[in-house]
Amino acid sequence: MGEVTVWSPLACIKNPLIDLNVSLIILNSSLTELQDKLHSLWKTARFHICADGGANRLHQICTSNDKSLIPEYIAGDLDSVYKDVLLAYEKQGSKIAKFNDTNSTDFEKCLKLISKHEKIANEQFDVVYVLGSHGGRLDQSLAILNTLYKHTKTNETPLFLIAQDTLTFVLPPGRHKIYVNTGLEGSFCGLIPLGESCRCISTTGLAYNLNKHHLLFGSQISSNNSFDGSDFVTVDTSDYILWTMSTL
């Protein structure tokens with residue numbers, strides 16, 4: 001029996017004072033319905049990055065008197081951020097990191113910046129949260145999921161995507177215990193094979209548990225599932241698998 005990896009993905013939103021070294025990325029997507037989660041995660045995070053036009057989104061929801069939400073960095077190819085927003089944040093202490101690489105997304109550029117910061121500061125983040133992570137254009141949503149998948153295969157730091165009413169991350173091969181008892185969980189969840197076939201997966205804690213199932217995009221996936229009332233869900237998977245769940 002291998003070691004069980006324990007996940008509490010909503011803990012930082014439930015308790016902003018939790019003792020974790022957290023980094024926060026804000027993507028170029030509406031934050032209007034994410035303001036409560038934004039403020040909770042902002043308090044928890046020690047390193048805040050706006051991905052290009054994400055700075056516009058942050059600036060849009062902040063009042064002129066709100067000086068507390070100032071990102072450490074605005075990063076990307078900077079083709080979306082408004083010049084007045086860029087100047088305003090720069091005057092308030094934000095650093096600008098422009099990347100000219102056209103073969104990576106602004107999201108990927110932010111992850112590269114986080115890795116660089118970790119090396120320079122000699123620290124390791126416990127988790128990276130990404131706000132405004134999917135919804136809207138399908139191609140952009142798929143690109144974000146592609147980055148999530150690639151990151152998880154090459155980096156041990158958990159990466160959690162937060163959309164308006166959904167939390168998503170990738171489980172590596174092995175045994176997992178996901179706590180779903182914060183009161184912030186919604187009603188549905190799913191396990192989706194991403195990038196590869198999931199040859200064998202079993203679960204407990206779901207309304208419709210899997211028992212050594214084979215999941216494959218183009219064949220069977222586990223969508224529109226729900227919880228059975230337990231405090232946690234267990235997942236035993238042979239391959240990388242995307243876990244997604246609704247949030248309140």
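**View 1. The buried residues of helix 3 and the elements they pack against.** In this predicted model, helix 3 (residues 54–61) has as its buried residues Gly54, Ala55, Asn56, Leu58 and Ile61, where buried means under 20% relative accessible area, exposed means over 50%, and partly exposed lies in between (1.4 Å probe, protein chains only). These buried residues pack against strand 2 (22–26), helix 2 (35–44), strand 3 (47–51), strand 4 (73–76) and helix 4 (83–91), with contact taken as heavy atoms within 4.5 Å. Helices (H or I, at least four residues) and strands (E, at least two) are DSSP runs, numbered from the N terminus. Because the model is predicted, local features need pLDDT of at least 70 and side-chain atom pairs count only at pLDDT 80 or more, while totals for chains, interfaces and linings use all residues. Residues are numbered from 1 along each chain as its sequence is written, and side-chain values use heavy atoms, with hydrogens and water left out.

View 2. Helix 5 (residues 106–121) has 16 residues and reaches 22 Å from its first C-alpha to its last, close to the 22 Å expected at 1.5 Å a residue, the expected span being 1.5 Å times one less than the number of residues. Among the buried residues of helix 5 are Phe107, Glu108, Leu111, Leu113 and Ile114. The axes of helix 5 and helix 6 (residues 138–154) come within 9 Å and cross at roughly 30 degrees, and helix 5 is therefore roughly parallel to helix 6. On the side of helix 5 the contact is made by Phe107, Glu108 and Leu111, and on the side of helix 6 by Ile144, Thr147, Lys150 and His151. Axes are lines fitted to C-alpha atoms, for helices over the stretch in contact, and angles run from 0 to 180 degrees between N-to-C directions; those under 35 degrees count as roughly parallel, over 145 as roughly antiparallel, 65 to 115 as roughly perpendicular and the rest as oblique. Just after helix 5, asparagine 122 takes a positive phi of about 55 degrees.

View 3. Strand 1 pairs with strand 9 (residues 174–179) in the parallel sense over four bridges, and tryptophan 7 stands opposite isoleucine 178 in strand 9.

**View 4. The surroundings of isoleucine 241.** Isoleucine 241 is found in strand 15 (residues 241–247) and is buried, with a relative accessible area of 0%. Leaving aside residues up to four places away in sequence, isoleucine 241 touches Phe169, Val170, Leu171, Leu191, Ile192, Pro193, Cys198, Ile201 and Leu215. The C-alpha atoms of isoleucine 241 and proline 193 are separated by 4.9 Å, although these residues are 48 residues apart along the chain.

View 5. Most residues other than glycine have a negative phi. Leucine 78, in the loop between strand 4 and helix 4, has a positive phi of about 60 degrees although it is not a glycine, and is buried at a relative accessible area of 18%. Asparagine 224, which lies in strand 13 (residues 222–225), has a phi near 55 degrees and counts as exposed at 67% relative accessibility.

How values were computed
Pairing = 2+ DSSP bridges.
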